[in-house]
Amino acid sequence: MAALETQLSPKQEHLLRCTYQVLAEGGLRHLSLQRVADRAQVSKGILLYYFGTKENLVLATLRWVLARVARRIYAAVRRARTPEEKIQATIDAIFVDPRANRDFYLVYTDLLSSAARQHRFQELSATFRGIVDAVYGQIIEEGVREGAFRVRDVQEAAAVMRALVDGLFLQWLQEPDPEATHAQTRERCKHALFTYLRGS
C-alpha cells in the first residue's frame, strides 16, 4: 500500500476530494480545471500551483482514492480472525454504501479506460491491482493452509476473486435501482466467493 501513499497537506487533500467529486459526477471526459476550482472555491492557478497539469491532478486524485480504499480493506482484514471472516470483512469493507460505491466505480472505470491508452494511468492501475491481489492472496493462502479453501493456485484465485468483485459491481451499476439491490449484490458476492474458494 505504501506505493499509493503520498504526504498531502490539508489544502491538497481538499483539492483532491473536490476533484474526486467532479469526476464522480461528470467523468474524466467532462472534467475541467475550472469545474474543480469552482467546487473547491479556489482559482485555477491554485490547482496548477499544487499539481502542475490536469493529468497530474487526475492521477493524484485517483492515487488518493485508491489509497483510501486499500487502507479500508487492510483495516477490515486486520480485525478479522479466520480466513472466512477475512473474506466477509473484505467484502463488507468494499461494499460500504450505495452512493460511495457508485462514485468509486464510475471513477475507477474511467481509470481503467485511461489505463488502456496511457502509460501513467496504466502504472497506477497496475499498482492498485497488485495491492488488491496481494491482500486477496494472503487471505486465500491462509485459508488453504487451514483447510478452509480448496484452490490449486493462490495467485489465480486472487485474480478470480478480484474479477468476481469487479464484475458484480459492474452488473450492479446497471441496475435500475442500485440502492435497492446493493445489499443483495454484496451477499451474492460473498456467496460466489465462498462457493469458488471452497471448491463446491
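The largest pocket holds about 530 Å³ of space. Lining it are 29 residues, and Tyr20, Val65, Val69, Ala100 and Phe104 sit closest to the centre. Keep in mind that this is a predicted model, where local features need pLDDT of at least 70, side-chain atom pairs count only at pLDDT 80 or more, and totals for chains, interfaces and linings use all residues. Numbering starts from 1 along each chain as its sequence is written, and side-chain values use heavy atoms, with hydrogens and water left out.

**How the pockets are found**

- Rolling a probe the size of a water molecule over the atoms shows where empty space is left.
- A pocket here is an open set of points on a 1 Å grid over the protein atoms alone, where a 1.4 Å probe fits and protein lies on both sides within 12 Å along at least five of seven lines; lining residues have an atom within 4 Å of a point.
- Points are joined across faces, edges and corners, and the volume is the space filled by probe spheres set on them.

**Largest pocket**

- Five helices each give at least two lining residues: α1 (10-26), α4 (54-79), α6 (98-115), α7 (119-145) and α8 (154-173).
- The largest share, 8 residues, comes from α6.
- By type, the lining splits into 16 nonpolar, 2 polar and 11 charged residues (nonpolar: Ala, Val, Leu, Ile, Met, Phe, Trp, Tyr, Cys and Pro; charged: Asp, Glu, Lys and Arg; polar: the others, Gly among them).

**Second largest pocket**

- This one has about 160 Å³ of space.
- Its lining is made of Leu28, Arg29, Lys54, Glu55, Val58, Asp110, Ser114, Gln118 and Phe121.
- The elements giving two or more of those residues are α4 and α6, and α4 has the largest share with 3 residues.
- Sorted by type, the lining has 3 nonpolar, 2 polar and 4 charged residues.

**Overall build**

- The protein has 9 helices and 0 strands (DSSP runs numbered from the N terminus: H or I of at least four residues for helices, E of at least two for strands).
- Along the principal axes, the C-alpha atoms fill a box of roughly 60 × 35 × 30 Å.
- Of the 200 residues, 44% are buried (under 20% relative accessible area, with a 1.4 Å probe and protein chains only).
- Among contacts (heavy atoms within 4.5 Å) between residues at least 6 apart in sequence, 71% join residues at least 24 apart.

Definitions and conventions: Buried < 20%, exposed > 50% of the residue type's maximum accessible area, 1.4 Å probe, protein only.
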